[in-house]
Amino acid sequence: MSNARFSGTESYVATDDLMMAVNAAITLERPLLVKGEPGTGKTMLAEEIARSLGRPLLGWHIKSTTKAARGLYEYDAVARLRDSQLGDDRVKDISNYIVKGKLWEAFESDVQPILLIDEIDKADIEFPNDLLQELDRMEFYVYETQQTIKARQRPIIIITSNNEKELPDAFLRRCFFHYIRFPEADTMETIVKVHFPDIKKNLLAEALQSFFELRELPGLKKKPSTSELLDWIKLLVAEDIPPEALREKDSRKAIPKLYGALLKNEQDMHLFERLVFMTRRTGAN
Amino acid sequence: MLTDLFYRLRTVKIPVSVTEYLTLLRALEARLAAFSVDEFYYLARCTLVKDERYFDRFDQVFGDYIQGKQTLFEEILGEIPLDWLKKQKELNLTEEEKAKIEALGGWDKLMETLKQRLEEQKKAHHGGNKWIGTGGTSPFGAHGYNPEGVRIGQNKRGQGKAVKVWDKREYRNLDDQVELGTRNIKMALRKLRRFAREGAEEELDIDDTIRSTARKAGMLDIKLVPERRNTTKLLLFLDVGGSMDPHVKVCEELFSATRAEFKHLEHFYFHNFVYETVWRDNLMRAVNRFPTTTLMNKYSADHKVVFVGDATMSPYEIMAAGGSIEHWNEEPGSVWIGRLLALYPNAVWLNPQPEDHWNYIPSISLVKKLMGERMFPLTLDGLDRAMKALKKAQH
């Protein structure tokens with residue numbers, strides 16, 4: 001069992017339940033599965049854990065074509081075939097053609113690493129099942145060279161999912177689970193302060209208010225997320241926009257500044273412009 | 001003591017296994033949550049619950065478990081439609097009035113009366129001082145004032161009593177028993193898409209063939225993978241008119257959004273039940289009717305059929321000739337649906353009515369029987385079951 005503890009970092013605000021989940025995963029050395037809306041910092045989490053515990057981070061980013069075996073190792077048969085035709089000496093030793101995967105790297109690491117398996121739901125439906133034994137026993141067998149690779153110490157594994165596919169029960173049973181909920185207004189304020197320590201207080205208040213009002217808007221196709229809010233504030237700060245400019249009710253001019261950072265498609269833009277127009281009209285009466 | 005929590009989670013159909021239970025015990029042994037109930041709640045949740053859909057149910061069970069007020073809510077909470085409790089108004093009382101309410105008696109008496117009232121009451125209710133609803137001074141319901149009251153379905157405001165984390169029920173939207181709305185429509189889309197993607201043949205996997213041929217030192221070794229083509233053909237029948245309209249809109253959006261995923265998707269409208277004609281354009285329904293027989297000739301038997309309707313009507317509309325409320329039908333609706341089902345054995349009925357009401361409405365039971373029990377609620381979970389049923393071959 002490991003004694004390391006995670007309690008957020010200066011650049012990452014962790015809620016109590018998130019900290020509990022991470023610490024449970026660290027202490028019991030089992031994988032932690034993290035789900036949540038896009039842009040709530042799932043991938044960031046692994047980076048921040050690695051930073052705060054001072055451990056190396058290994059990222060394994062999953063695509064729809066990724067096979068589980070690739071995380072362990074790959075036998076590059078094509079290279080060997082080519083080498084054999086060129087009469088290369090390397091061809092005699094099969095281990096020259098074994099390419100180590102991320103899991104192997106993590107198992108071999110001298111210090112306990114953080115292994116991030118990012119967006120596991122992108123992969124084939126059988127992918128998680130193929131990793132059950134490896135994640136449970138933290139060892140696997142290389143058929144080509146007939147050796148067993150065993151983890152020196154069990155890596156801390158963080159798995160993220162966007163919920164595109166359901167994960168098999170047998171896999172879920174072996175993980176801790178955490179769902180990152182969209183942060184509430186006061187948590188959000190802390191998050192923004194962490195990223196922009198010198199932001200003017202009234203600008204922050206105005207920005208957050210417009211942001212949450214925007215999220216409340218019925219019928220939005222894509223609600224703006226935390227990462228989009230941070231981008232927007234970055235723009236506001238860079239352009240040195242005064243807080244008054246965000247108060248849409250008074251402004252008779254165009255819609256509030258730089259909303260393009262928050263709304264990412266034209267239907268949403270359009271809906272928003274129409275609503276602003278309507279409120280302004282009722283306000284004038 | 002914890003075993004009790006474990007079994008209660010299983011009773012509400014949260015899939016917890018012994019492995020997870022043992023993990024929780026091990027985590028407790030490692031002193032991960034030793035000092036507060038909140039910590040224990042977080043730990044138990046991340047260990048035992050592996051899907052945010054179950055968070056709401058977990059919160060309820062946990063709250064109940066911690067309170068030690070067993071069995072209370074599992075019986076009651078499920079029975080009260082949420083609409084009754086949707087906040088209609090807030091209530092302000094004078095001190096005098098408050099004192100009056102306090103005089104209603106102890107907790108046990110309160111629960112007994114609640115059960116009794118639940119049995120008596122049949123309609124939603126707001127205000128007043130007896131029935132279950134919102135904004136009143138009855139001890140049962142939400143957003144009202146009664147210090148001894150039983151809060152049912154209240155989320156935040158009210159008289160400012162402390163609310164526990166699990167009592168906030170923040171994950172309600174993620175529960176898959178909830179009706180389809182804009183929030184969970186995306187999940188539904190994914191489920192439909194997955195459904196549309198299946199049942200395909202194999203095609204040559206060039207990469208894998210090369211790889212395995214190379215591995216076998218040049219001996220040709222052909223590899224196949226399932227082809228990613230959509231073969232599903234779907235006929236959609238939607239009930240329009242009256243109470244069904246909002247649901248129909250959701251369904252229509254849902255299926256049209258997945259249109260690209262289906263090889264064929266046609267939709268037709270009917271009113272209450274299918275008879276000898278249906279129509280394709282709701283505005284032109286008076287003139288532009290589509291005979292059901294033509295439809296059956298046009299679309300081959302390998303189409304799958306989805307009906308969407310509340311199936312809430314008089315049984316005559318199904319069983320009797322001339323039962324239709326719109327026109328004189330020569331043959332009863334049951335005959336027509338029988339013909340459709342004989343041709344298209346892969347069919348389901350999606351019903352927006354809550355599943356636990358079905359048994360009380362004769363026409364629903366009737367339609368369900370006609371459909372060979374393949375009727376499912378219009379929730380994510382129901383959609384999932386419906387798609388599963390469609391995939392199974394029917395004979």
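**Note on helix packing and the A–B contact**

1. In this predicted model, helix 1 of chain A (residues 16-28) packs against helix 2 of chain B (residues 18-29) at an angle of about 90°, and their axes lie 10 Å apart. Because angles of 65 to 115 degrees count as roughly perpendicular, helix 1 of chain A is described as roughly perpendicular to helix 2 of chain B.

2. On the chain A side of this helix pair, the contact is made by Ala24(A), Thr27(A) and Leu28(A), while helix 2 of chain B contributes Thr23(B), Arg26(B) and Ala27(B).

3. Taking the two chains as a whole, 23 residues of chain A are in contact with 25 residues of chain B. At least two residues of the side of chain A that touches chain B come from each of helix 1, helix 4 (77-86), helix 8 (169-173) and strand 9 (176-180), and helix 1 of chain A gives the most, with 8 residues. By class, that side of chain A has 13 nonpolar, 3 polar and 7 charged residues.

4. Within chain A, helix 9 (residues 185-195) and helix 10 (residues 201-216) pack at an angle of about 130°, with axes 11 Å apart, which makes helix 9 of chain A oblique to helix 10 of chain A. The crossing of helix 9 of chain A past helix 10 of chain A is right-handed.

5. In this pair, Ala185(A), Met188(A), Glu189(A) and Val192(A) of helix 9 meet Leu204(A), Leu208(A) and Phe212(A) of helix 10, and by class the contact has 6 nonpolar, no polar and 1 charged residues.

Technical notes. Residues are numbered from 1 along each chain as its sequence is written. Chains are lettered from A and ligands numbered from 1 in the order in which they are written. This is a predicted model: local features need pLDDT of at least 70, side-chain atom pairs count only at pLDDT 80 or more; totals for chains, interfaces and linings use all residues. Axes are lines fitted to C-alpha atoms, for helices over the stretch in contact, and angles run from 0 to 180 degrees between N-to-C directions. Helices (H or I, at least four residues) and strands (E, at least two) are DSSP runs, numbered from the N terminus. Angles under 35 degrees count as roughly parallel, over 145 as roughly antiparallel, 65 to 115 as roughly perpendicular and the rest as oblique. Two residues are in contact if their C-beta atoms, placed from the backbone, lie within 7 Å. Ala, Val, Leu, Ile, Met, Phe, Trp, Tyr, Cys and Pro count as nonpolar, Asp, Glu, Lys and Arg as charged, and the others, Gly among them, as polar. A crossing is left-handed if the near helix is turned anticlockwise from the far one by less than a right angle, and right-handed if clockwise.
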